[in-house]
Amino acid sequence: MLVPSIGQGSAIETPTVRLLAEQLSHVVDLHVFALHVPTGEHPVRESGFTLHPALAADDRFSRRLARTVLAIRREHHRS
């Protein structure tokens, strides 16, 4: 799952998206990738799913998107 951003404390900010991620995590091994993160660069386990920050907030969007796609590909190859 790809989300536009996460808030402080590595949490999905949009309640509906967070609920969807939590519900999906009960039936699949869910990995959520965020295009914008305030801090941190390492995956975090959050409410049953793994949250992967793509890049720091100061990076350009095109670089962030490319890095996110590469991170998704790496995760699929590892699974």
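In which sense do strands β4 and β5 pair, and over how many bridges? In this predicted model, local features need pLDDT of at least 70 and side-chain atom pairs count only at pLDDT 80 or more, whereas totals for chains, interfaces and linings use all residues. Residues are numbered from 1 along each chain as its sequence is written, and side-chain values use heavy atoms, with hydrogens and water left out.

**View 1. Strand β4 and its pairing with β5.** Strand β4 (residues 44–46) pairs with β5 in the antiparallel sense over three bridges, where strands (E, at least two residues) and helices (H or I, at least four) are DSSP runs numbered from the N terminus, and pairing requires at least two DSSP bridges between two strands. E46 stands opposite F49 in β5. The two strands form a hairpin with two residues between them, and S47 in the turn has a positive phi of about 50°.

**View 2. Strand β5 and its parallel neighbour β3.** Four bridges join β5 to strand β3 (residues 31–36), and these two strands run parallel; V32 has L51 of β5 as its bridge partner. Five of the five residues of β5 (residues 49–53) are buried, so this strand is largely enclosed by the rest of the structure; buried means under 20% relative accessible area, exposed over 50%, and partly exposed in between, with a 1.4 Å probe and protein chains only. F49, L51 and P53 point one way from β5, while T50 and H52 point the other way, and all are buried. Five of the six residues of β3 are likewise buried, so β3 is also largely enclosed by the rest of the structure.

View 3. The side chain of S25 reaches the backbone oxygen of E22 at 2.7 Å. Leaving aside residues up to four places away in sequence, S25 touches L30, S47, G48 and F49, contact meaning heavy atoms within 4.5 Å.

**View 4. V28 and a nonpolar surface patch.** V28 lies in the loop between α1 and β3 and counts as partly exposed, at 43% relative accessibility. Together with L20, L24 and V27, V28 makes a nonpolar surface patch of about 340 Å². Patches are made of residues with over 30% relative accessible area and no salt bridge, like charges being joined within 9 Å and nonpolar side chains (Val, Leu, Ile, Met, Phe, Trp, Tyr) within 5 Å; a salt bridge is a side-chain nitrogen of Lys or Arg within 4 Å of a carboxyl oxygen of Asp or Glu.

How values were computed:
A polar contact is a pair of N or O atoms within 3.5 Å; within protein, one must be able to donate a hydrogen and the other to accept it, and residues adjacent in sequence count only if both atoms are side-chain atoms. Accessible areas come from the Shrake-Rupley method with a 1.4 Å probe; for residues, only the protein chains shown count as cover.
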